[in-house]
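Please open the structure in your viewer and keep the selection panel at hand.

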Amino acid sequence: MYKGIYYTHLFSVITFLLIYVIKTVLLLANKEEGLVKFTKGIKVPEMIVSTLFLVTGVYMLFQIPEIKTLMIIKILVVFASIPVAVIGFKKRNKVLAVISLIMIIMAYGLAEMSKKQKSAVIPTETMDHSPAESTSNGHDIFINNCARCHGEDGKLGLMGSRDLSGSAMDLNTRVEIIKKGKGAMAGFEGILSDEQIRAVAEYSESLKK
Ligand code: HEC
């Protein structure tokens, strides 16, 4: 579910950007006729794409465990670019149109940056926590690796994760899912050792009510 929303978001953002770039190029090249034609022809698809873009964006925002500063800047930039773009294209003001395009691209770049930061942080984080990394205590492993989605008691259910306290899954299936991942949950093979995976799987079973 989350992945589907994520790809819909990515697709709508890229389509939105593409439409934007084409419009800006037409404006810059003084192709007034082309711009009017393109704007008219693309009106409905553009509306669908921007609605998808906003709805999926808001949905994802509510699924994210913690909202980062970068994310807030990104959202502010996206919203600020809208009036700039509207005025820029209405008044055929090239400077404003280019500024709004730069803002949107910047926001997209920020999103990519925050993603890189995040993926760069996760492995080093688990590596730096050498006491936690070397521990075979299922509870500690769970708190360090799983609680951000499942919550300390397994009930949090972020990003579409299951309430672990209500899961009837057997141990071997758990081990498999923790190793390989499932849906929005990435696998832990290579991050946790086999013993740690078994320990945390056993711990997750103990959360069952
Ligand atoms: C990025 C968020 C995230 C993290 C971190 C995460 N999970 Fe998950 N987990 C999920 C999601 C989402 C699902 C549901 C997957 C699906 O069914 O599509 C899930 C499903 C599971 C399930 C299967 C439950 C069921 O009944 O279907 C188990 C067991 C589980 N996770 C254990 C863990 C353990 C143990 C860890 C830590 C080693 C962990 N998870 C870390 C998001 C996460």
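At what angle do helix α8 and helix α9 pack, and how far apart are their axes? Before selecting them, note that this is a predicted model, in which local features need pLDDT of at least 70 and side-chain atom pairs count only at pLDDT 80 or more, while totals for chains, interfaces and linings use all residues. Residues are numbered from 1 along each chain as its sequence is written, and side-chain values use heavy atoms, with hydrogens and water left out.

**First stop: α8 and α9**

Select residues 171-180 for α8 and 194-206 for α9; the two helices pack at about 125°, with their axes 9 Å apart. Helices here are DSSP runs (H or I, at least four residues), numbered from the N terminus, and axes are lines fitted to C-alpha atoms over the stretch in contact, with angles running from 0 to 180 degrees between N-to-C directions. The pair is therefore oblique, since angles under 35 degrees count as roughly parallel, over 145 as roughly antiparallel, 65 to 115 as roughly perpendicular and the rest as oblique. The crossing of α8 past α9 is right-handed. To see the contact (heavy atoms within 4.5 Å), show residues of α8 including Leu171, Val175 and Ile178, together with residues of α9 including Ile197, Val200 and Ala201. Colouring this contact by class gives six nonpolar, two polar and six charged residues.

**Second stop: the ligand**

- from a polar side-chain atom of His150 to a nitrogen atom of the ligand, 2.7 Å;
- from a polar side-chain atom of Ser167 to an oxygen atom of the ligand, 2.6 Å;
- from an N or O atom in the side chain of Lys182 to an oxygen atom of the ligand, 3.4 Å.

Finally, select residues 2-28 for α1 and 32-63 for α2, whose axes come within 8 Å and cross at roughly 150°. These helices are therefore roughly antiparallel to each other, and α1 passes α2 in a left-handed crossing. Their contact comprises 17 nonpolar, 10 polar and two charged residues.

Methods. A crossing is left-handed if the near helix is turned anticlockwise from the far one by less than a right angle, and right-handed if clockwise. Ala, Val, Leu, Ile, Met, Phe, Trp, Tyr, Cys and Pro count as nonpolar, Asp, Glu, Lys and Arg as charged, and the others, Gly among them, as polar. A polar contact is a pair of N or O atoms within 3.5 Å; within protein, one must be able to donate a hydrogen and the other to accept it, and residues adjacent in sequence count only if both atoms are side-chain atoms.
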